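Colleague: Got the file open. Can you walk me through what you computed?

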Amino acid sequence: MHMDRTIKSCGCDSELASCGLISLDEAVACAVSQVTPLRQTEHVLLADAAGRTIASDILAPSAMPFFDNSAMDGFAVRRADLEGRCCLPIAGTVAAGDVPRDLPEGTALRIFTGAPLPHGADTVAMVEACIDKGHKVHFETKPPRGSNIRRAGSDQAQGATLVPAQTRLAAHHIGLLAANGIIGAEVLRRPRVAVFSTGDEVQAGACRAGQIPDANRPMLCALLQQWGAEVSDLGILPDDAEATTAALAGLGDAFDLILTSGAVSMGGKDHVQAAFVAAGGTVQGWRVALKPGKPVMFGRLGRAAFTGLPGNPFAVHVGFHLFVAAQIDRLHGRVPQPFAAEPASAGFDWSRKPGRAEVFPVRLTGHDPKGTARLERLGAGVSATLFPLAGADGLAIVPADTDRIARGDGLRWHPFAATGGVR
Ligand code: AMP
Ligand code: MG
């Protein structure tokens, strides 16, 4: 098939276009424009809500704390009763969970942290500053009026925003909602993503000579789960255009996004593009000025977006972070986060051929005096191996026009730990 007839360009930089490549920025924009934010929601209990995306703002149903209570173990008193006295009779004990009670005038009540402040009390003396003599208490120091009381409503007002719309729920959000007596939340349904590998040599099980294990599918499924998608693992497609067309046809109504890896370049067995078009797909962009991962393809198949990633596993890893992560963000209604937004400085010298943006694994070796992360470059720019990731703390990127990096130069990087499943 001839490219000019199949590709609706996303708008190409002229120099790159002459090589048939779209720039990285254009490619990200093209990827993102294939998806639209999801609207459907579902209700989940907090126990199942980690990693889910909140559909609309969650407001505090009431002010917090719910009632005046003690911030300390100690003695609840009327501060005026301590004028001219340093001892008071103990009228009883009030613990967390007790119903509020009255403080008889001229007495103290033994009180524990979280217990409701007795009616009439205006001060709590901490236990460390008191001598409890059983029937009476001696105050070694006299606390200022109002001490050690958590006032109703002092933490948050009724109606305060607890979690804004589009937040991906992490443990601290869930704790806050639970503290407010909320037991469930309305969340966006998960983006439905289908994942295929391709290649006659790619195997899910034991390999004979000439075959290799499928690295891309397990990796993509894991990344998609980390990013909060509902993943359908659809197996390995043979290097056969008809079989590929049959597998893709009709998927557009079942998924928000379909991912393939491999067979999307220009070699003899690279049939994904032709099969995709035969299945009713439209190609919206193909071939990006990126290393690794030039032969990425973006398109639409029915209601689904389609992203055809390259075959080499490191190129798949990079393609996920640059394009698929942004697509999932937008499906969740979030503005896609720019890749590698963290500043860093190079701990290495490197001369390279300009023309394509390049992503490479990096190890964090320390920090500059200003606190900027110092990075070591790993690997030799080989897209076929994931091995350099074994010692990597993240990925760094250099723009297409960079021909040289000197020690101390500024870089941008994406630390793996920063997203750790709660992006
Ligand atoms: P392709 O673009 O299909 O020619 O694939 C490029 C390279 O990536 C080839 O060496 C493939 O064997 C390899 N490859 C493709 N898919 C996978 C996969 N799922 N797991 C590991 N390697 C793969
Ligand atoms: Mg292949």
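Colleague: Which side chain has an N or O atom 3.2 Å from a nitrogen atom of ligand 1?
Modeller: Asn-216. That is a polar contact, meaning a pair of N or O atoms within 3.5 Å; within protein, one must be able to donate a hydrogen and the other to accept it, and residues adjacent in sequence count only if both atoms are side-chain atoms. Bear in mind that this is a predicted model, where local features need pLDDT of at least 70 and side-chain atom pairs pLDDT 80 or more, while totals for chains, interfaces and linings use all residues. Residues are numbered from 1 along each chain as its sequence is written, chains are lettered from A and ligands numbered from 1 in the order written, and side-chain values use heavy atoms, with hydrogens and water left out.

Colleague: What about Asp-214, how far is its side chain from a nitrogen of the ligand?
Modeller: An N or O atom of the Asp-214 side chain is 2.7 Å from a nitrogen atom of ligand 1. The backbone takes part too: a polar backbone atom of Gly-311 is 3.3 Å from a ligand nitrogen.

Colleague: How much of ligand 1 does the protein bury?
Modeller: 75% of the 490 Å² that the ligand exposes when taken alone. Areas come from the Shrake-Rupley method with a 1.4 Å probe.

Colleague: Switching topic. How many salt bridges are there?
Modeller: The search of the whole structure finds 14. The criterion is a side-chain nitrogen of Lys or Arg within 4 Å of a carboxyl oxygen of Asp or Glu. One of them pairs Asp-200 with Lys-269, with the closest N and O atoms 3.4 Å apart.

Colleague: Where do those two sit?
Modeller: In distant parts of the chain, 69 residues apart. Asp-200 is in the loop between strand 13 and strand 14 (202–203), and Lys-269 is in the loop between strand 17 (257–261) and helix 7 (272–278).

Colleague: What is the phi of Arg-287?
Modeller: Positive, about 75°, although Arg-287 is not a glycine. Its place is in the loop between strand 18 (282–286) and strand 19.

Terms used:
Helices (H or I, at least four residues) and strands (E, at least two) are DSSP runs, numbered from the N terminus.
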